[in-house]
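I opened my notebook for a structure that may be new to you as well. Have a look at it with me, and I will jot down what I looked up as I went.

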Amino acid sequence: MNTEFFDNIGRTISDAAETVGRKTGELAEIVRLKNQVYGLERGIKKDYEELGKMIYERYASQGTVQEDLLPICEEIAQKEILIDQYKGEIDGLKNEA
């Protein structure tokens, strides 16, 4: 066999290894960036929840909220009443047992 054949095989293997290494690096960077995006999205969701909680607490304590938010706040208030009722029923059932 001639050396040109082995040189071609060597170059092919070297090129393939370089491509694999580059792709691995690219994939690692994609994963890192996706993790950053996920963390930021999770942070935004937490901020939304905190904002909603602040708005509802203002409604609960002062009775004031923007008109377009009023139906949501009233719905939450109704759900809190039901939760209290259900917890009372649970307590009553536990006491009977």
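This is a predicted model: local features need pLDDT of at least 70, side-chain atom pairs count only at pLDDT 80 or more; totals for chains, interfaces and linings use all residues.

How many of the 97 residues of the protein chain count as buried, in percent? I found that 4% of them do.

**Entry: overall form.** I looked up the secondary structure next, and the protein chain has two helices and zero strands. Its radius of gyration is 31 Å, while the globule rule gives 13 Å for 97 residues, so the chain is more spread out than a compact globule. I also noted the span of the C-alpha trace along its principal axes, which is about 90 × 45 × 15 Å.

Entry: Then I turned to the charges: the protein chain has 13 positive and 20 negative ones, and their mean positions are 5 Å apart.

**Entry: helix H1.** This helix covers residues 3–62. I wanted to see whether its length fits its residue count. At 1.5 Å a residue, its 60 residues should span 88 Å, and the end C-alpha atoms are 87 Å apart, which agrees. After H1 comes Gly63, and I noted that its phi is positive, near 75 degrees.

**Entry: the tyrosines.** I searched the whole structure for aromatic pairs and got one. It joins Tyr56 and Tyr59, whose ring centres are 5.8 Å apart with planes at 40 degrees, so the pair is tilted. Both residues lie in helix H1, three residues apart, which is about one turn of the helix. A reminder to myself: an α-helix has 3.6 residues a turn, so residues three or four places apart point the same way.

**Entry: Thr19.** I finished with another residue of helix H1, Thr19. Its relative accessible area is 32%, which makes Thr19 partly exposed. From Thr19 to Asn8 I counted eleven residues in sequence, and the two are 16 Å apart in space, C-alpha to C-alpha.

Definitions and conventions
Residues are numbered from 1 along each chain as its sequence is written. Side-chain values use heavy atoms; hydrogens and water are left out. Helices (H or I, at least four residues) and strands (E, at least two) are DSSP runs, numbered from the N terminus. The radius of gyration is taken over C-alpha atoms; the globule rule is 2.2 Å times the number of residues to the power 0.38. Buried means under 20% relative accessible area, exposed over 50%, partly exposed in between (1.4 Å probe, protein chains only). Lys and Arg count as positive and Asp and Glu as negative; His and the chain ends are not counted. The place of a charge is taken as NZ of Lys, CZ of Arg, CG of Asp or CD of Glu. The expected span of a helix is 1.5 Å times one less than its number of residues. Rings of Phe, Tyr and Trp (its six-membered ring) pair if their centres lie within 6.5 Å; planes under 30 degrees apart count as stacked, over 60 as edge-to-face and the rest as tilted.
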